[in-house]
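Here is a short report on a protein model. Keep the sequence and the 3D view open as you read.

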Amino acid sequence: MSGMIPMLILVPLIGGTWLLVAARQNVHSALPRQAAIVLAALSLLLSLMLVVVVAAQGNSVPSVTQGLEKPGFTGAVVSPTIKFQPTWLSFQPDSGLRLQLALGADGLGAAMVLLTALVTFAVIVFALSSIEQHFVSYAGWILLSQAGLQTVFLSMDLVLFYIGFELALLPLLVLISGWGDDDRRQVAQRFVLYTLSGSIPMVLALIGIVYLYPTAHGPTVLLEELSQRASEMRATATLAGETWIFALLAIGLGIKVALLPLHTWLPTTYRSAHPTTTCLLAAVVLKLGFFGFLRIALPLTPLASEAYASSILGTLGAIAIVYGALAALAQTDIRLILAYSSLSHAGFISLGMFSLSEEGLTGAALQMFNHGITTAAMFLLAGCIITRLGSADIKSSGNGIADNYPRLAVLFLFFTFAGAGLPGLNNFVGELMALSGMMTRHPILTVVGTSGIILGAWYALLMARNLLFATETQTKVARKVSVSSDLATRETATLTVFATLCLAIGCFPQPAIDFIKAGVPISRSTSSVARTDTSINVVGRALLPVNFAATGKSARSTNSTQQDLR
Amino acid sequence: MNPATFQTLMLAATLFAIGIVGFLSRKNMILMFLSVELMLAAVAMNFIAFGAHYQNYQGQLFAVLILTIASCEAAIGLALVVSLFKRKATLDIAAWSDLRETDREANVEVPVEQNEPIESYPVLTPAGTDPLVNPVRVSKDGALDTLKA
Amino acid sequence: MLNLVWLIPLVLMLALLAGVLICLFRKGAELAHVPTIVGLSISSAVSLILLFTSQGGVHVAITEGYTWLSLGGMHVPITARLDGIGLIQLNVVTCISLLVAVYARGYMLGDPGYARFFAIISAFVFAMVMLVLVGNLFVLYAFWEGVGLCSYLLIGHWYRRPSAAKAAMKAFLVNRLADCAFLVGILLLWHGIGLVGAENLATVGRLDFDVIFDAVPALAQRQPDLLWWVGLLLLIGAIGKSAQFPFHVWLPDAMEGPTPVSALIHATTMVTAGVYLLARMSPLLLLTPDVLLIAGWLGAITAVLGGLIALFQDDLKRVLAYSTVSQLGLLFLAFGAGVNGELLPLAVVAAMFHLITHAFFKALLFLTAGNVMHAMGDCIDMRKFGGLRKVLPSTHILFLIGALALVGAPPLAGFWSKEGILGLLTLEIGNPQYGSVFAIWLFMGLLSTLLTAIYTFRAYLRTFWGDVKLPAQAGAHPHEATAMMLAPLYILAVGSALIGLVIASTGALAEFVLPIPFLTDPHAHPHAGWWLVIASVGLVMAGATIAYYSISTSGVAAKRSGVPARFAELTSNRFYLDEVFYFCLVAPTQHLSKMVGIFDSQFIDRVIRRGATIPSAIGGRLRTYQTGVLPNYALTMALGIVALVALAFLRG
């Protein structure tokens, strides 16, 4: 069974390379086009098999062996459910030193693998109609980037994690600069350089981690062994030793997740790239950083996380929720609205993740998957809308597209509400858990984050109203598009699958939570500790008007008697 | 240390210093070459001083070697300088800065124009003729004009 | 018997699925009403069965569903919890929905979105029923939002109209604004229960109502400020959904939706969800009397405000909308009486009573207005028609019954329920602590009674009396509604007429609802004094007279007679509250968002770009060392050698 794991990386890698070669040779038959879909479907199938295998083998909830006497956040041991760790997969920098590499999957990894495969499949399906030129090479590069992304999500050691992290960028450079707006070359360059500049602190931090947790056999890069050592060395860990590692990782991974203020690459990149490329970017690439936090930063630097994560990074997340929503409100380009909306939702994930509570972390992990599905669908639909309207301006839709393209309109409205956090759909579950998680730590941040609910609904509904329905102020743009029909059947079918996933996770979230929570790096023993009193009373007293406090409140509380009524 | 050795070494060091400062601060290729020779001489003196100090002949041997090499190098170097001069008609080392960064300007000293014409040099009577009998006149373009008697 | 409970939402979910399938496959759209009406009939029947077989009051029936979410500190099961309050609300919802759905079969006939309409009606009733049924506050919030979504979809049913799409968005967003506060309140409560209930791990993380009410006394003792905030935030959530001041601005605009939608959602079911929430959470609010005080004030203000604005509206549905706002204000006013803890159970009973009667007569009024609108060719502006009692005789009688019930003419339903509320207020006038407040509230309640009478009779007279005037859109012969549309109206009329009498005389409601779990049973069930009855009847007659004179003296067209023009303009422009809302909330946010957008693209980006030029700046400086001139390189070499030699010397 574990042989399946490298196939998940090799199939898109080899397939993508073959497609690129076929594109170069200008093979004119329909074979490469069909092959692209087949390859994407094959990776999807493999990832589904992985999910089934991981679910069937059950989740061993990770435990912490020692060091529980220290209160606060305790990282858990990373223990993959299914592992691929052959002895030949290692490298020897010098004689006497051997670093073993490993691939593996647990609940979180399998979920992200599934997300990547699903999104890639959807991208290729939609690219069939929206990429006019060089479809085959586009599909090839998409598959290559999928290979890089799967490497990250399947990696169980630091070296493969870093390799995948960087390898995913190269195909993206080609994808962004090859298809999109006129300024795409500069934007692609900026995106890659910005992200790469975050890799320097990250690689230093990774090296620091390797030497922070030495084992008896010499340094190791395996996440299992590192987290095992981390839990053993819990009693002797020092904050100073971990702080610089955490800071460097925060910068490196923070650029990837568009943590304020390192986010400015996001709007321009999402706007200038082709919408199907942006779909991959927003749905999967944005989650690489969060995955890094969950796998590496939080469990392996627990003291620094406890000290700094919820205060600094959590605050940045809460600000991002409001900031992204406000900025989205001001935009008229649909791609920019969705880009800032992604920023806002990434803020929700940050809010949950950096609360370091069980609900928050699990909610963030689940929300990574949820947001991926929702945003992928939104960007694909946005691409269809742009093709049909001829422009990306939401004010140019004339009388609204709901009449002409009913399938498009229904799906768009569905995913708009999914993104706005409507209960019964998936984003609500993740957001609720994230907010609850932060409520136990910093209630003020939760209040700030909850305002993202109204702002999120505002810009989403404004976009929906302008695009789908008729408004008074509309400019009629002369449409020079060739597509005048509604969504194709294959596209509708793909998005229906996404919608079903949204509904399923929204109405029955418990199976998804059980699946994903094994990958969440929190020790279960800390969750049963009684919550400490927070500053809510101080806040409450500060804001209470004085005259109300004086009215006979205390008299009432003695009046009620409780009856046992069952 | 022996005061004599010390003084010789000091002299050698002084000459070396003069030589290196001269090399680093000059623009004229031949003068830079001169400084290099000075440095070599100073090094030779150094060897001799140590040879005298340790009472063996290796110092003197090496000094002779240095002299030999210095003269070979001088021959080749001056030949190169002459050919460089033929290309650019200037002895300024800054004229040969093609490997500089392209946004800098070369700091070449422009050769000064000679305003006075080269004087005409006296022409000697050819051997075997009496100047009083057969005087030689020089025409305007410098050609010899032998008057027939 | 208990498992019948799940039949109600199940049947509605099946109706919804059937509706969705009809919409997807575009087959059988003419029959789209069938699943909805069948589902609603079954659910009404089941709720009536449950009503009549339950003992009510003390008996709380809990039925397990499935665990929606369970993780560490958070446990959210879906269970059904039925007590007296819940059963009553359930019955109101299902029965009125059935009647409105039957009416809508005739009203929406021929509409291109027929199938979609009924599918979303099924969805709405499903969400509303679940809202009433569930026993967990998180799940209640989920269906609270679901109801808001269905309201959005139904208000915007005719999405080709820009005003409808705008109104739908406004309704959803104003609701969401209140829901933000609601969610924060819920999370605070969850956190608070976690703080005080840590000893009993079984209760940690659950927001089941019984768990909440068990924990609130401890919370009141140890974290009173938190409890106050929770109460206030829950109240804000209720206000948003029930369209009280200042969140009332969405309800009049929601009249853009089809009339059955206005009748169902915006008069009887969704807007009562706020009142239902307060009734549900009354054991918690018992311990935060300040919040109930605020509720009372907001209710009183809204009651008067709604009445004032309704005076000069020209659109019949708008009059009814503001009337709804005003009547809901009365419901909140009833809760205000719960400031005195002993009165809270009675307040809940009075509120539920008025909720029932209001559901009947308001639905009746809206549906008859729908008849008028249908006959007048979708025109509902009262300036354009008149004298319709000859044209639509049955509608006329039905509207009259509804109007009399609304103003509180004895012995129709509205009289009994309104007296219940106002009578509650009279009980505590002597109280030194709240007496003056209650007196003011009583005055405002009576004022709203007067205003109700005035605007109701004005609307009635303008529509049905006077000379027959028909708008051009009405066509040649405006006809009375079909029998299918009139049948539910007759049922509603009978209800409006008799239900108050039945309930008040037998005291059945109080017996059924009380004792409310976790609240102390009041020992006395007081009745309103006679002077109050005489006062209200007198006000009704005064209002009718004023209305008659205001119409008849200067004719129907000129309606501003005798009233200062400024005041009339103020009220007909809704006190400019919409504009206030816009300028205080909407416009600043839009400006702020523009500033954020500019800040993001200009400032932060500039800083990053400046940062990106650092490497090339450093490179530029370093480049100056490449002169190409030999002596410079020689200098570097010399310095290097000196450094190495010095290093070798120092290292020894």
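## Chain C at a glance

Chain C has 25 helices and two strands. Helices (H or I, at least four residues) and strands (E, at least two) are DSSP runs, numbered from the N terminus. The model is predicted: local features need pLDDT of at least 70, side-chain atom pairs count only at pLDDT 80 or more, and totals for chains, interfaces and linings use all residues. Residues are numbered from 1 along each chain as its sequence is written, while chains are lettered from A and ligands numbered from 1 in the order in which they are written.

The C-alpha trace of chain C spans about 115 × 65 × 60 Å along its principal axes. Chain C has 652 residues, and 60% of them count as buried. A residue is buried if 20 or more other C-beta atoms lie within 10 Å of its own, exposed if 12 or fewer, and partly exposed in between, with C-beta atoms placed from the backbone.

## Domains of chain C

Chain C is assigned domain 1 (2-385 + 395-567), domain 2 (573-612) and domain 3 (621-652). These bounds come from an automatic or database domain assignment. The C-alpha centres of domain 1 of chain C and domain 2 of chain C are 36 Å apart.

## Two helices of chain C

Look at helix α16 (residues 393-407) of chain C and helix α18 (residues 435-464) of chain C. Their axes come within 9 Å and cross at roughly 170°. Axes are lines fitted to C-alpha atoms, for helices over the stretch in contact, and angles run from 0 to 180 degrees between N-to-C directions. So α16(C) is roughly antiparallel to α18(C). Angles under 35 degrees count as roughly parallel, over 145 as roughly antiparallel, 65 to 115 as roughly perpendicular and the rest as oblique.

Residues of α16(C), including F399(C) and L400(C), meet residues of α18(C), among them T452(C) and Y460(C). This contact of α16(C) with α18(C) has eight nonpolar, three polar and no charged residues. Ala, Val, Leu, Ile, Met, Phe, Trp, Tyr, Cys and Pro count as nonpolar, Asp, Glu, Lys and Arg as charged, and the others, Gly among them, as polar.

## Where chain C touches chain B

Ten residues of chain C contact eleven residues of chain B. Two residues are in contact if their C-beta atoms, placed from the backbone, lie within 7 Å. On the chain C side, helix α25 (residues 630-651) gives the largest share, five residues. That side of chain C has six nonpolar, three polar and one charged residues.
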